[in-house]
Amino acid sequence: MKILLAVDGSENGLSAVRHVVALSKALNAAPKLTLLYADPPLLKSVAVELGVEGVARYHAENGEYALKKAKAALKRAQLAFTERVLVSEPAAAIVKQAKADKADLIVMGTHGRGALKSLFVGSVAMKVIGTSTVPVMVTR
């Protein structure tokens with residue numbers, strides 16, 4: 001089984017990691033895991049101010065922070081994984097990576113802010129569910 005595990009560094013993302021660890025114990029063989037963090041691009045004005053190296057450093061630091069706890073939990077569970085940090089709109093990046101990996105399942109956390117707020121703010125999980133052809137498991 002190929003699982004794309006999308007995290008954002010939050011406690012809700014860590015909930016998804018814990019769920020994948022539990023799920024892997026129930027499978028006959030260890031899943032092939034891709035651990036993904038998608039960092040939204042900076043506004044052009046900010047990117048110009050930071051410069052190319054500054055933007056690269058910014059995204060690398062965000063990725064390192066977002067993946068740190070997830071990587072530790074997967075290593076403790078002795079699960080092998082490939083990690084990816086992408087600079088892209090998160091929902092689109094998750095769906096695209098799942099398709100590229102030929103993933104069987106996407107697992108991600110949600111902040112659960114509610115339908116009304118999601119209508120205005122937009123929920124990454126809702127966008128992934130709405131656009132993915134791969135099954136999506138959302139944890140809370």
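Is Glu-11 buried, partly exposed or exposed, and at what relative accessibility? Glu-11 counts as partly exposed, because its relative accessibility is 48%, where buried means under 20% relative accessible area, exposed means over 50%, and partly exposed lies in between (1.4 Å probe, protein chains only). The model described here is predicted: local features need pLDDT of at least 70, side-chain atom pairs count only at pLDDT 80 or more, and totals for chains, interfaces and linings use all residues. Residues are numbered from 1 along each chain as its sequence is written, and side-chain values use heavy atoms, with hydrogens and water left out.

Glu-11 also has a charged partner. Its side chain meets that of Arg-18 in a salt bridge, at 2.8 Å from N to O. A salt bridge here is a side-chain nitrogen of Lys or Arg within 4 Å of a carboxyl oxygen of Asp or Glu. Side chains of opposite charge can pair when their charged atoms come close. Arg-18 is partly exposed too, with a relative accessible area of 44%. The structure holds two salt bridges, and the other one joins the side chains of Glu-83 and Lys-71 at 3.2 Å, N to O. This pair links distant parts of the chain, with Glu-83 in strand 3 and Lys-71 in helix 2 (residues 44–76), 12 residues apart. Helices (H or I, at least four residues) and strands (E, at least two) are DSSP runs, numbered from the N terminus. Glu-83 has a relative accessible area of 38% and is therefore partly exposed, and Lys-71, at 23%, is partly exposed as well.

Five strands form an open sheet in the order 3-2-1-4-5, and the pairing is parallel; two strands pair if DSSP finds at least two bridges between them. Strand 3 (81–87) and strand 5 (136–139) stand at the edges with a single partner strand each, so one side of each has no neighbour in the sheet. From one strand to the next, the twist averages 20°; axes are lines fitted to C-alpha atoms, for helices over the stretch in contact, and angles run from 0 to 180 degrees between N-to-C directions.

Strand 4 (residues 105–109) runs parallel to strand 5 and is joined to it by four bridges; in one of these pairings, Ile-106 has Val-136 of strand 5 as its bridge partner. Strand 1 also pairs with strand 4 in the parallel sense, over four bridges, and Ala-6 has Met-108 of strand 4 as its bridge partner. How many of the five residues of strand 4 are buried? Five of the five are, with Leu-105, Val-107 and Gly-109 on one side and Ile-106 and Met-108 on the other.

Helix 1 (residues 11–26) lies across strand 1 (2–6), strand 2 (32–39), strand 4 and strand 5, running at about 140° to strand 4. Ser-15 lies in this helix and counts as buried because its relative accessibility is 14%. Leaving aside neighbours within four places in sequence, Ser-15 is in contact (heavy atoms within 4.5 Å) with Thr-139 and Arg-140. Arg-140 and Lys-102 are 38 residues apart in sequence and 25 Å apart in space, C-alpha to C-alpha. Lys-102 is found in the loop between helix 3 (90–101) and strand 4, and with a relative accessible area of 64% it is exposed.
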